[in-house]
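User: I am new to reading protein models. Could you walk me through one, feature by feature?

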Amino acid sequence: MSSHAYKTLLSPHESVLVLIDHQPRMLAGGSSGERETLCNNVAGLARTANAFGVPTVLTGIAPEAFGGTLLQELTDVFRDRRVISRTLINAWADRGVRDAVLATGRRQIIIAGLWSEVGVVLPALSALEEGREVYVVADASGGTSAEAHQLGLQRVTQAGGVPLTWLQLLGEFQRDWAGEETHATVEAILHTHGGAWGRGVGMGRGGAVRGTERDAS
């Protein structure tokens, strides 16, 4: 991996998203933050990836027998997407998951999952060991405690991974609020999942974000 790899902005054309173990029983075991906030962030992340056409790999620990089906926030977005069922704790060690990620040919691997200190850390470290670029969406992941979450992120960072938030990712993908192709969808995502600030985006300008120069032309 080039030492300059992480100085490049994340691109929807170079990224693949891996969502790991966002399942009810895993969520119930977490206590690093407000569960409703986490679910909101997961939904915002999923809708962002979908809006920008980012390939998304979904995986869960034995969904039918152990962890439960994926959170509705994900199944609502990826209605027909296959969920890769695993028994291996390290998702990267599962051939189906790893092959699905590498088959996309994308170099920027973005991970979010439950729990941060296990479900996120293990595949992140394994991918980093192979020389891959790894980014972790911190606020769409959660640990069994606040300390576990932070230590998990710290370990990934020490190994060379990069933490970020789902709104940061959306901004890097959008880049220009006047981007016609996605701005309406992005506004809808922000209105629903972006909190008080998101609900105010585009207000007072006909409900759409426009660039000053473009408006003046």
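**Reading the model**

Analyst: Happy to! Searching the whole structure turns up 1 cavity of 30 Å³ or more. A cavity is a set of points, on a 1 Å grid over the protein atoms alone, where a 1.4 Å probe fits but cannot get out. Its volume is the space filled by probe spheres set on the points. This is a predicted model, where local features need pLDDT of at least 70, side-chain atom pairs count only at pLDDT 80 or more, and totals for chains, interfaces and linings use all residues. Residues are numbered from 1 along each chain as its sequence is written, and side-chain values use heavy atoms, leaving out hydrogens and water.

User: Which residues line the largest cavity?

Analyst: Lining residues have an atom within 4 Å of a point. Here they are V18, I20, A91, W92, V97, I109, I111 and P123. The space inside is about 30 Å³. Strands β1 (15-20) and β4 (108-113) each supply at least two residues of that lining.

User: What are the helices and strands in the protein, and how many are there?

Analyst: They are DSSP runs numbered from the N terminus: helices are H or I with at least four residues, strands E with at least two. The protein has 10 helices and 6 strands.

User: Why is strand β5 described as largely enclosed?

Analyst: Strand β5 (residues 133-137) is largely enclosed by the rest of the structure because 5 of its 5 residues are buried. On one side sit E133, Y135 and V137, on the other V134 and V136, and all are buried.

User: How many residues score at least 70 in pLDDT, as a percentage?

Analyst: pLDDT is the predictor's confidence in each residue, from 0 to 100. In this protein 90% of the residues score at least 70, and the average is 90. Over residues 206-217, however, pLDDT stays under 50.

Note on methods: Contact means heavy atoms within 4.5 Å. On a 1 Å grid over the protein atoms alone, a cavity is a set of points where a 1.4 Å probe fits but cannot get out, and a pocket is an open set with protein on both sides within 12 Å along at least five of seven lines; lining residues have an atom within 4 Å of a point. Buried means under 20% relative accessible area, exposed over 50%, partly exposed in between (1.4 Å probe, protein chains only).
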